[in-house]
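User: Here's the model I want to go through. Can you take my questions as they come?

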Amino acid sequence: MKIDFPQQPFTSIEPFKEWYFEQAAKNVQGSVKGNITLKLPRWSEDEKKYVFEWCRKEIPFPKKVLLMYAPNAQTLYSYYNESKNKYVIALTTSFLLLTAMPSVAKAGIVHEFGHILNGDCIRYILPKYRKMSNEVYDVAINANIQRTDIDNLYKALFDSKGGCPHVPNIAYPKWGLPINETGWSFEVAMDAAYKYDKEQPDKETFTETPIVGDIIRVGDDFGRVTKIDGSEVTTERMDKQEAIDFLKRMKKVFDGDADAIAEAIETEYINVIEKLGGQCSL
Ligand SMILES: [Zn+2]
């Protein structure tokens with residue numbers, strides 16, 4: 001990637017974002033807006049080495065936590081790798097740019113540590129709770145991270161104008177809970193968030209807008225969304241065997257098989273985490 005790192009790391013978000021999108025523009029054809037991570041060229045081996053070393057130098061890392069590069073992921077995420085008996089934090093391509101503003105990059109990693117420490121990566125979630133569970137996790141984690149850092153992380157990763165909405169003073173009142181600045185327990189917040197979500201009008205009538213990487217049904221076949229241009233959705237057909245294999249893998253994913261989830265995110269089904277209710281994604 002062509003990047004001109006600043007002489008001094010950034011300490012405020014506005015100049016950082018300006019620099020971030022300038023660097024992105026040098027590496028991406030067309031406009032750079034929103035979440036640019038999937039548009040950026042993949043890390044070279046040297047860039048990967050730089051990022052991993054940066055993380056381990058800047059942040060005290062428990063031995064049980066590994067880093068992974070996930071070029072197909074839209075956001076940082078973490079999961080438990082059963083075969084290695086280690087937790088893994090997966091980094092997006094955009095994370096390389098985030099290292100130019102250490103407080104933001106650190107907030108991302110610390111947020112993932114939060115998922116690991118709170119047991120989010122190994123918790124069984126009843127299917128009915130899956131839609132809201134990640135938001136519930138995130139609020140509890142973000143309650144314990146410097147608010148400016150979490151807002152800045154959100155602004156950088158998602159090119160958002162406002163800060164992160166997954167914080168106690170925004171999310172808890174919305175769910176009908178008193179504000180608890182240290183975070184409500186999972187059970188209390190989950191119950192309130194679930195009830196809140198169920199009461200939202202018309203929620204059954206909304207059709208989900210597909211995003212690139214989604215698998216959608218095309219008549220009797222399946223297709224993978226490869227491009228979205230306004231309301232036009234381009235898909236790549238999958239044959240029957242491919243669809244069967246896909247469904248088998250998805251079953252494992254939905255059963256909470258950590259390796260299958262990781263593989264799905266890493267390979268083709270970049271949106272699979274959102275379908276799981278966002279389990280462990282940022
Ligand atoms: Zn999260």
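User: Which residues touch the most other members of the largest nonpolar core?
Analyst: Ala90, Val136 and Ala140, in a core of 55 residues. A nonpolar core here is a set of buried Ala, Val, Leu, Ile, Met, Phe, Trp, Tyr and Cys residues joined through C-beta atoms within 7 Å. Buried means 20 or more other C-beta atoms within 10 Å of the residue's own, with C-beta atoms placed from the backbone.

User: Before I go on, what do I need to know about the model and numbering?
Analyst: This is a predicted model: local features need pLDDT of at least 70, side-chain atom pairs count only at pLDDT 80 or more, and totals for chains, interfaces and linings use all residues. Residues are numbered from 1 along each chain as its sequence is written.

User: What does Ala140 touch?
Analyst: Asn118, Gly183, Trp184, Phe186 and Ala189, leaving out residues up to four places away in sequence. Contact means C-beta atoms, placed from the backbone, within 7 Å.

User: Now the sheet. What's the strand order?
Analyst: β1-β3-β2, an open sheet of 3 strands with mixed pairing. Strands are DSSP E runs of at least two residues, numbered from the N terminus. Two strands pair if DSSP finds at least two bridges between them.

User: Why is one side of β1 and of β2 left without a neighbour?
Analyst: β1 (65-69) and β2 (77-81) are at the edges, each with a single partner strand, so one side of each has no neighbour in the sheet.

User: How do β1 and β3 pair, parallel or antiparallel?
Analyst: Parallel, over 5 bridges, with β3 spanning residues 86-91. Leu66 has Val88 of β3 as its bridge partner.

Key:
Helices (H or I, at least four residues) and strands (E, at least two) are DSSP runs, numbered from the N terminus. A residue is buried if 20 or more other C-beta atoms lie within 10 Å of its own, exposed if 12 or fewer, and partly exposed in between; C-beta atoms are placed from the backbone. Two residues are in contact if their C-beta atoms, placed from the backbone, lie within 7 Å.
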